[in-house]
Amino acid sequence: MQFKLSHDRKSIADEDLLSDLQCVAQEHADICLKQRTYKEFGKYGVTTVIRRFGSWNTAIEKAGLEKFVERNIPDQKLFAAIYDLWIKLGRQPSYSEIQRPHCYYSAKPYEQRFGSWRKALEAFVEYINTKEISTPFSRANDIQLLQHRSTSRSINLRLRFKVLQRDNFRCCACGVSPAITPGIQLEVDHIVPWSKGGETVIDNLQTLCFACNQGKSNHHVSQ
Ligand SMILES: [Zn+2]
């Protein structure tokens, strides 16, 4: 423990408290900043932070830091984060991109679970390629049966990814891609709407950018 001078609590600005939280998190914590870590390396007292923001978690949230380290993150959540990142980039993400703000998780949980980032990517691809196991009857499935439908309206992550990959992460209507134009949001759309009998199968799905899917794009190419 270092010797510290006590601060006059009221004279500390919110921004100073928050920026110190960020500094300590950056240097001494991975995803999460624990009170214990802040106590050791922070400029101010943990109590000061808590009193100012109501709780430690609120302060962490205000500072834009993760609330807690998620332990035993299910594979599905780890894969969903890879999926999000891949779609956001429009290409295979690199190791250096596995961090905030790009990715929900840091590289650490992937390395812990799979051994390396490369192996995590391999596991993700395997997950995407796994054949869908038919889901047991649920309320949603009962509704489908009533409507004589063979597929559900919702497109699962695996199918979405396959459609996006088939379309090279480009909008089928105007051709934009987040790989070329960062920030472009791609969506997977039913060609024949589900409401008009179109099924949720790869041949009836296409990649569209947000604008084309909303019908607002000027570059819309008629199909
Ligand atoms: Zn488009």
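## A zinc site and its surroundings

Welcome to this predicted model. Its zinc ion is held by four protein donors, C171 (SG), C174 (SG), C209 (SG) and C212 (SG), which lie 2.3 to 2.4 Å from the metal. Donors here are N, O and S atoms within 2.8 Å of the metal (3.2 Å for Na, K and Ca), and water is not among the atoms, so sites may look incomplete.

In this model local features need pLDDT of at least 70, side-chain atom pairs count only at pLDDT 80 or more, and totals for chains, interfaces and linings use all residues. Residues are numbered from 1 along each chain as its sequence is written, and side-chain values use heavy atoms, with hydrogens and water left out.

Along the sequence, the donor residues follow the spacing C-x2-C-x34-C-x2-C. C174 sits in the loop between α9 (157-166) and β1 (186-190), while C212 belongs to helix α10 (residues 210-213), so this pair ties together parts 38 residues apart in sequence. Helices (H or I, at least four residues) and strands (E, at least two) are DSSP runs, numbered from the N terminus.

Buried means under 20% relative accessible area, exposed over 50%, and partly exposed in between (1.4 Å probe, protein chains only).

| Residue | Relative accessibility | Class |
|---|---|---|
| C174 | 23% | partly exposed |
| C212 | 4% | buried |
| F210 | 38% | partly exposed |

Leaving aside neighbours within four places in sequence, F210 is in contact (heavy atoms within 4.5 Å) with Q185 and E187. F210 and Q185 are 25 residues apart in sequence, yet their C-alpha atoms are 5.6 Å apart in space.

### The strand pair

E187 belongs to β1, from which E187 and D189 point one way and L186, V188 and H190 the other. Five of the five residues of β1 are buried, so the strand is largely enclosed by the rest of the structure. Its partner is β2 (residues 205-209), and the two pair in the antiparallel sense over five bridges; pairing requires that DSSP finds at least two bridges. Within this pair, H190 stands opposite L205 in β2.

### Two of the helices

Helix α5 (residues 75-89) has 15 residues and reaches 21 Å from its first C-alpha to its last, close to the 21 Å expected at 1.5 Å a residue. The expected span is 1.5 Å times one less than the number of residues. Its buried residues include L78, F79, W86 and L89. Which elements cover the buried residues of α5? Among them are α6 (107-114), α7 (117-129), α9 and β1. G90 follows α5 and has a positive phi, near 75°.

In α6, A107, P109, Y110 and F114 are buried. They cover an arc of only 165° around the axis (taken from the directions from the helix axis to the C-beta atoms), which puts them on the same side of α6. The buried residues of α6 pack against α5 and α7. Just after α6 comes G115, with a positive phi of about 100°.

### The whole protein

The protein has 10 helices and two strands, running α-α-α-α-α-α-α-α-α-β-β-α from the N terminus on. Buried residues make up 39% of its 223 residues. Of the contacts with a separation of 6 or more, 60% come from residues 24 or more positions apart.
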